[in-house]
Amino acid sequence: MPELRRERLRVLAVEQVGPYSLLRVSRGMLTPGRPGQFFMLSPPGRLLPRPMSLCLAPPGELAFLIDAVGPGTRALCALAPGNTLDVLGPLGNGFRVDVRRPLLVGGGIGVAPLPYLAEALGRPPALLGFRSEHHAQAAALVPNAEVVLEPTYVTEPLAPVARRHDVLACGPEPMLAAVRELAPGAQLAWEAPMACGYGACYGCAVELDGSWKRLCVEGPVLVAA
Ligand SMILES: Cc1cc2nc3c(=O)[nH]c(=O)nc-3n(C[C@H](O)[C@H](O)[C@H](O)COP(=O)(O)OP(=O)(O)OC[C@H]3O[C@@H](n4cnc5c(N)ncnc54)[C@H](O)[C@@H]3O)c2cc1C
Ligand code: FES
């Protein structure tokens, strides 16, 4: 991990995207890494950092799309321009971008790594599923996206085309399980609670296909069997 660094970065803006917040920070000396890699962000007042996928990497910036689901993410979304926060990264294994017919698939806040991935892949087609119109405002960050809203699941438009594409997906676990059924060989970005982010605590160990994996080092992106 030659490019891994920890730095205190300055908040440039926190923008609302539907129910989510786009936290934009100055990049400092950190490198954005590969799409699907993540950073550990230290929310003010919390002991442990929280893992966040890189959403966008405009020149001189790193941007994270955050769903405020608990104390850490709420503290990150409450940051204001001029505040600073500790950031460590890039971490983990990202998506392989040497694919011929990419199709991005995202569900809910799983859309977070897709804007940066879409840029790396030349803006391929994307299928995105959301709970509501409000949540679907995040689709504006992903080029060439077809959006479905519940009760339709993203697997419905995916089913007829899955085997014609190289699928790269991020979303809730049930969505990833359904995607792997439809698209064997898909690259799937998994999630688990993470305390360190670099392999030291085993807090992120999950059993997948009969073997234990530390998602922060062997993932978060894994190829579906
Ligand atoms: C590699 C990786 C990348 C991520 N990228 C993003 C991102 O780009 N944007 C974003 O909003 N979130 C992302 N997450 C999830 C985010 O890290 C958690 O939502 C956050 O740590 C929750 O912290 P909290 O203190 O707000 O809530 P907590 O109180 O810690 O958790 C709130 C609820 O979420 C559950 N939870 C917490 N962390 C996870 C997790 N990692 N997986 C599944 N359930 C969890 C808890 O059990 C609890 O029910 C990512 C997670 C991983 C592992
Ligand atoms: S988060 Fe510590 S080992 Fe993965």
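Reader: Where does Pro151 lie?
Author: The model is predicted, so that local features need pLDDT of at least 70 and side-chain atom pairs count only at pLDDT 80 or more, while totals for chains, interfaces and linings use all residues. Residues are numbered from 1 along each chain as its sequence is written, and chains are lettered from A and ligands numbered from 1 in the order in which they are written. Elements are DSSP runs numbered from the N terminus, with helices being H or I of at least four residues and strands being E of at least two. On that numbering, Pro151 is placed in the loop between S9 and H3.

Reader: What is omega for the cis peptide bond that joins Gly219 and Pro220?
Author: Most peptide bonds are trans. Glu150 and Pro151 are joined by a cis bond, with omega about 15 degrees. Pro220 belongs to the loop between helix H5 (215-218) and S14, and its cis bond to Gly219 has an omega of about 5 degrees.

Reader: What strand order does the open sheet with mixed pairing have?
Author: Strands count as paired if DSSP finds at least two bridges between them. S7 (residues 102-107) and S8 (residues 126-130) run parallel and share four bridges, and Val105 has Leu127 of S8 as its bridge partner. The open sheet of six strands with mixed pairing has the order S9-S8-S7-S10-S11-S14.

Reader: Why is one side of S9 and of S14 left without a neighbour in the sheet?
Author: In the order S9-S8-S7-S10-S11-S14, S9 (145-149) and S14 (221-223) have a single partner strand each. One side of each therefore has no neighbour, because both strands stand at the edges.

Reader: How many degrees does the twist average in the open sheet with antiparallel pairing?
Author: This sheet has six strands in the order S4-S3-S6-S1-S2-S5, and S4 and S5 stand at its edges with a single partner strand each. S3 (residues 38-41) and S6 (residues 84-91) run antiparallel with three bridges, one pair of bridge partners being Met40 and Leu88. Axes are lines fitted to C-alpha atoms (for helices over the stretch in contact), with angles from 0 to 180 degrees between N-to-C directions. From one strand to the next, the twist averages 40 degrees.

Reader: Which residue has a positive phi in the hairpin of S12 and S13?
Author: S12 (residues 205-208) and S13 (residues 211-214) are antiparallel and joined by four bridges, with Trp212 as the partner of Glu207. Two residues stand between the strands, and the positive phi, near 55 degrees, is that of Asp209.

Reader: Is Asn144 buried or exposed?
Author: Asn144 lies in the loop between S8 and S9, and its phi is positive, near 55 degrees. With 10 C-beta neighbours inside 10 Å, Asn144 counts as exposed.

Reader: What distance separates the C-alpha atoms of Leu4 and Gly89?
Author: Leu4 is in the segment before S1 (5-17). Beyond its neighbours within four places in sequence, Leu4 is in contact (C-beta atoms, placed from the backbone, within 7 Å) with Gly89, Pro90 and Leu91. Leu4 and Gly89 are 85 residues apart along the chain, yet the separation of their C-alpha atoms is 5.1 Å.

Reader: Which strand gives the most to the shell around ligand 1?
Author: A residue is near a molecule or strand if its C-beta atom, placed from the backbone, lies within 6 Å of it. Of the 21 residues around ligand 1, Arg50, Gly70, Gly72, Thr73 and Ala112 come nearest. Two or more residues come from each of S4 (50-53), S5 (61-66) and H1 (71-77). With four residues, the element that gives the most is S4.

Key. Two residues are in contact if their C-beta atoms, placed from the backbone, lie within 7 Å. A residue is buried if 20 or more other C-beta atoms lie within 10 Å of its own, exposed if 12 or fewer, and partly exposed in between; C-beta atoms are placed from the backbone.
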